[in-house]
Amino acid sequence: MGKAAGFLEFERKSSRRRPVAERIRDFEEFNIPLGTDERKEQAGRCMNCGVPFCQSAMELKRKVVGCPLHNLIPEWNDQIWLSHDRHGYDRLIKTSNFPEFTGRVCPALCEKACICGQYDDPVSIHDNELYLIEKAFKEGYIQPQIPEIRSGKRVAVIGSGPAGLAAADELNHRGHSVEVFEREDRIGGLLMYGIPNMKLDKSIVERRQKLMEKEGVIFHVNTEIKTKKTAEKLRQDFDAVILCCGSGSEREFKAADISRIKGVVYAMDFLKSTQKAVLRHGSLNAEDIAGDPEVISARGKDVVIMGSGDTANDCVATVMRHGCASVFTMARKKCPPSERTDANPWPEYPEILEEGYGYEEAAVVFGEDPRHFETTIRELIADEEGRLCRVITVNVIREDGRYVPVEGSEKEIKCQLLILANGFGGCERKVPEIFGASVNEKGQVSTRDGSYMTDAAGVFSAGDMHRGQSLVVWAIAEGRKCAKEVDEYLMGYTV
Ligand SMILES: Cc1cc2nc3c(=O)[nH]c(=O)nc-3n(C[C@H](O)[C@H](O)[C@H](O)COP(=O)(O)OP(=O)(O)OC[C@H]3O[C@@H](n4cnc5c(N)ncnc54)[C@H](O)[C@@H]3O)c2cc1C
Ligand code: SF4
């Protein structure tokens, strides 16, 4: 059980972040892991609780805390403490296909529920996970697991984000022949072209791809599935099809006709253009990337970002690396408190203001947190050539479930680049349409409760496309559960 009363002896220590002044000069990962001895102590803080909330994924007030994968957290914490890392790794991969992704980017729903967190700091579960998986790669515990027997069944997966990858990985290990179709030039979905390099280095995605290829998964990149004819052919050639195309349709911007104004971009286009340049250059130097003519560059610009969540945070971190002149973000909601209130006790999901590495960087460089709450955009002002030059913001308050502008609160701010990071409008409708799968009013592919099969027999859906915009850990969890149902559909039973 870790170290008896270890949580009283050792304080929580997380991975350190590289200093802001240094890290904004490049796109390298910003976390510095702890050494092995410190990591052991951190794992030793785990109390092996009788009812380990950390692995529960329980829903409280419509928010989930605890790991959606039900990772065997106390077991592998114990193994780290005992220096049985190999065994810890074996327990970790019982429930998780890609701990190297979640160990880097997961907001750690497990830690929100950790019982140590009731009176003290939670166990550093997220960093412990990363330690185990990276050790496993380094020590060669991870070798291709090629199925000895093939079932003769073929499965097509459309989309190679974490949901598609998890479904492909599971079904391949069950002996089915899996082919993944991806419209981008690289696999990974938002792991590749959404989450910036400084959070998840793309060599980590490529490492997993190589392993899956050795195990027998076939990837087809630059292959968009977009016509009814192709959909019919896939349904004929494969015994099952899984749609994992994400939730990337943009939300409409209502304050102005942005097609007429130069200098307004969607967050995904902005982040993708930087990430493509990082991969093209093979350089992580921020100067090189910001100066690339194909990049949507924020260098020297006053930037406004609509949104104050995780995507906006990644955009702030990226414009900081481009060398922006200023950055201002906004959200309509109220600013959350910096600590839990009595109305939001443990183990509910903590409704507090998250620090966010990008917001931290902007605060250090410009002297203040760039986030502005209860604020939205009223108007965009462009020059004679249609180039954005100013944004007029207005404060809002919530009345009868709607946000209402506070007249007289308008402010004009300089802005040559506006990035729209205010959420997504569900999945792109084309793919479900060509496969005959219906989509609900929120833009999620519809299935029966607890099932992943769509209206079209043999066509399944998982991840953001099915669940709505969510997290990597949920995409993996959905991919796994969907794979189980597909296996049963193909074989008449599953294990
Ligand atoms: C900027 C940003 C940062 C984020 N940061 C985090 C984070 O730090 N931590 C976290 O847990 N979550 C984060 N998320 C959320 C997380 O990335 C998603 O929940 C997760 O990637 C969803 O996985 P998915 O497999 O369902 O879809 P996606 O990752 O969106 O992958 C879908 C794939 O389908 C492909 N595709 C779409 N249509 C077609 C077609 N017609 N033919 C072929 N291929 C197609 C797409 O190209 C894409 O590769 C972030 C999201 C964004 C936008
Ligand atoms: S809730 Fe926290 S202390 Fe308890 S078993 Fe899980 S990680 Fe360990």
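This is a predicted model: local features need pLDDT of at least 70, side-chain atom pairs count only at pLDDT 80 or more; totals for chains, interfaces and linings use all residues.
Me: Which strands sit at the edges of the open sheet of five strands?
Reply: The order across this open sheet is β9-β17-β10-β11-β12, with parallel pairing. An edge strand pairs on one side only, and that holds for β9 (264-266) and β12 (371-372). So the order, read under the rule that strands pair when they share at least two bridges, has as its edges β9 and β12.

Me: Which residue in β17 stands opposite Val-264?
Reply: β9 and β17 (residues 417-420) run parallel, joined by three bridges. Helix α13 (residues 267-281) packs on the sheet here, touching β9 and β17, at about 80 degrees to the direction of β9. Opposite Val-264 you'll find Leu-418.

Me: Which domains each give at least three residues to the shell around ligand 1?
Reply: This ligand has 38 residues around it, with Gly-159, Gly-161, Gly-189, Gly-246 and Gly-463 the closest. At least three shell residues come from each of domain 2 (154-248 + 425-491) and domain 3 (258-420).

Me: How many charged residues are in the shell around ligand 2?
Reply: Of the 15 residues around ligand 2, the nearest are Cys-46, Cys-49, Cys-54, Pro-74 and Cys-114. Helix α4 (residues 73-81) provides the largest share, three residues. By class, 13 are nonpolar and two polar, and the number of charged ones is none.

Methods
Residues are numbered from 1 along each chain as its sequence is written. Chains are lettered from A and ligands numbered from 1 in the order in which they are written. Helices (H or I, at least four residues) and strands (E, at least two) are DSSP runs, numbered from the N terminus. Two residues are in contact if their C-beta atoms, placed from the backbone, lie within 7 Å. Axes are lines fitted to C-alpha atoms, for helices over the stretch in contact, and angles run from 0 to 180 degrees between N-to-C directions. A residue is near a molecule or strand if its C-beta atom, placed from the backbone, lies within 6 Å of it. Domain bounds come from an automatic or database domain assignment. Ala, Val, Leu, Ile, Met, Phe, Trp, Tyr, Cys and Pro count as nonpolar, Asp, Glu, Lys and Arg as charged, and the others, Gly among them, as polar.
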